[in-house]
Amino acid sequence: QVQLVESGGGLVQPGGSLRLSCAASGSIFGIYTMGWYRQAPGKQRELVAYITSLGDINYANSVKGRFTISRDNAKNTVNLQMNSLKPEDTAVYYCNVVYNRGDYWGQGTQVTVSS
């Protein structure tokens, strides 16, 4: 079983920055993909970014050039650096891991961008 613990969410002004972190623990070894999704009120959950075990990265068009995803395989951790934040980035952000054909999700962390 895999457990995901997220941190770093909060309230930030437009144009500001936040860094989200997610640590995976439990029975997880070897090759797996880690990523971030988000869900705003009244909207479906959408992919923000993901990174494979080999470092292949994909970003949603809405965050390209502003967000950066990275991982530390030794710590089973994925990070999301969010810069130039906009009010439309406001959402609950979820960590996701794909491991042995299974999907695992964190509890979600709230990101609010407002003046």
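I started my notes with the pairing rule: two strands pair if DSSP finds at least two bridges between them. I kept in mind that this is a predicted model.

**Entry 1, the S4-S5 hairpin.** I looked at S4 and S5 with that rule in hand. They form a hairpin with six residues between them. In the turn I found Gly42 with a positive phi of about 80°. Five bridges join S4 to S5, which covers residues 46-51, and the two run antiparallel. For one of the pairs, I noted that Arg38 has Glu46 in S5 as its bridge partner.

**Entry 2, the other partner of S4.** Which strand else pairs with S4, and in what sense? I found S9, residues 91-99, paired with S4, residues 33-39, in the antiparallel sense over seven bridges. Here Met34 faces Val97 of S9 across the pairing.

I moved on to the cysteines and counted one disulfide. It joins Cys22 and Cys95, with the sulfur atoms 2.1 Å apart; my cut-off for such a pair was within 2.5 Å. The angle about the S-S bond is -85°, and the link of Cys22 and Cys95 is left-handed. Where do the two cysteines sit in the chain? Cys22 is in S3 (residues 18-26) and Cys95 is in S9, 73 residues apart, so I wrote this down as a link between distant parts of the chain.

S7 and S8 form a hairpin with four residues between them, and Asn76 in the turn has a positive phi of about 50°. Six bridges join S7 to S8, residues 77-82, and these strands run antiparallel. I picked out two of the pairs: Phe67 stands opposite Met82 in S8, and Thr68 has Gln81 as its bridge partner in S8.

Which residues of S7 lie on the covered face, and which on the uncovered one? I listed Phe67, Ile69 and Arg71 on the covered face. Thr68, Ser70 and Asp72 make up the uncovered face.

Notes: Residues are numbered from 1 along each chain as its sequence is written. This is a predicted model: local features need pLDDT of at least 70, side-chain atom pairs count only at pLDDT 80 or more; totals for chains, interfaces and linings use all residues. Side-chain values use heavy atoms; hydrogens and water are left out. Buried means under 20% relative accessible area, exposed over 50%, partly exposed in between (1.4 Å probe, protein chains only).
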